[in-house]
Amino acid sequence: MVPVFKLTKSEARLAELIWENAPIASMDLVKLAEGELGWKKSTTFSILKFLIEKGIAQNEKSQVSMLLTKDEFFAGQSVKYVDDTFGGSLPMFVAAFTSSRKLTPAQIAELKRLIEDNGEGESDG
């Protein structure tokens, strides 16, 4: 199971920069954060330290990278949301989601494919 991380807004913004540019030299990340976010060097390193302490990023030999892909991170967040909000019931989540919007035929086909690919299925035993 993918771990779930609670990120502050600042941590999420820095994580996004790292995902888009990793691996990236730590000083290049500082320059990028200054240009994109208006942050000082100390702010970037403080927020990076929090990401490292949470086990989501690493800085080895001045090269910064993420320990989870963006997809893995958001998969964990999604599972936690469904668990917390719908008692872990994916059908309840889908029912709530589709109560206010209709799925396109392409979305329905993709959901069917995902269910078939990821279901437990019957085994010949």
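Trainee: How far does helix α1 reach from its first C-alpha to its last?

Mentor: Keep in mind that this is a predicted model. Helix α1 covers residues 9-21, which makes 13 residues. At 1.5 Å a residue, 18 Å is expected, and the span in the model is close to that, at 19 Å.

Trainee: Which elements do the buried residues of α1 pack against?

Mentor: Buried here means under 20% relative accessible area. In α1 that applies to E11, L14, A15, L17, I18 and W19. The buried residues of α1 pack against α2 (26-37), α3 (41-53), β3 (63-66) and α4 (70-86).

Trainee: Which residues lie nearest the centre of the largest pocket?

Mentor: The largest pocket has a volume of about 500 Å³, and 15 residues line it. Elements giving two or more residues to that lining are α4, α5 (90-98) and α6 (105-118). By class, the lining has 11 nonpolar, three polar and one charged residues. Nearest the centre are V82, L90, F93, V94 and L111.

Trainee: Which element gives the largest share of the lining of the second largest pocket?

Mentor: The second largest pocket holds about 180 Å³ of space. Its lining includes V4, F5, F73, F74 and Y81. Six residues of that lining, the largest share, come from α4.

Trainee: How many residues in the lining of the second largest pocket are charged?

Mentor: Lys and Asp count as charged, and the lining includes K6, K80 and D84. The lining divides into seven nonpolar residues, one polar, and a charged group of three.

Conventions
Residues are numbered from 1 along each chain as its sequence is written. This is a predicted model: local features need pLDDT of at least 70, side-chain atom pairs count only at pLDDT 80 or more; totals for chains, interfaces and linings use all residues. Side-chain values use heavy atoms; hydrogens and water are left out. Helices (H or I, at least four residues) and strands (E, at least two) are DSSP runs, numbered from the N terminus. The expected span of a helix is 1.5 Å times one less than its number of residues. Buried means under 20% relative accessible area, exposed over 50%, partly exposed in between (1.4 Å probe, protein chains only). Contact means heavy atoms within 4.5 Å. On a 1 Å grid over the protein atoms alone, a cavity is a set of points where a 1.4 Å probe fits but cannot get out, and a pocket is an open set with protein on both sides within 12 Å along at least five of seven lines; lining residues have an atom within 4 Å of a point. Grid points are joined across faces, edges and corners, and a volume is the space filled by probe spheres set on the points.
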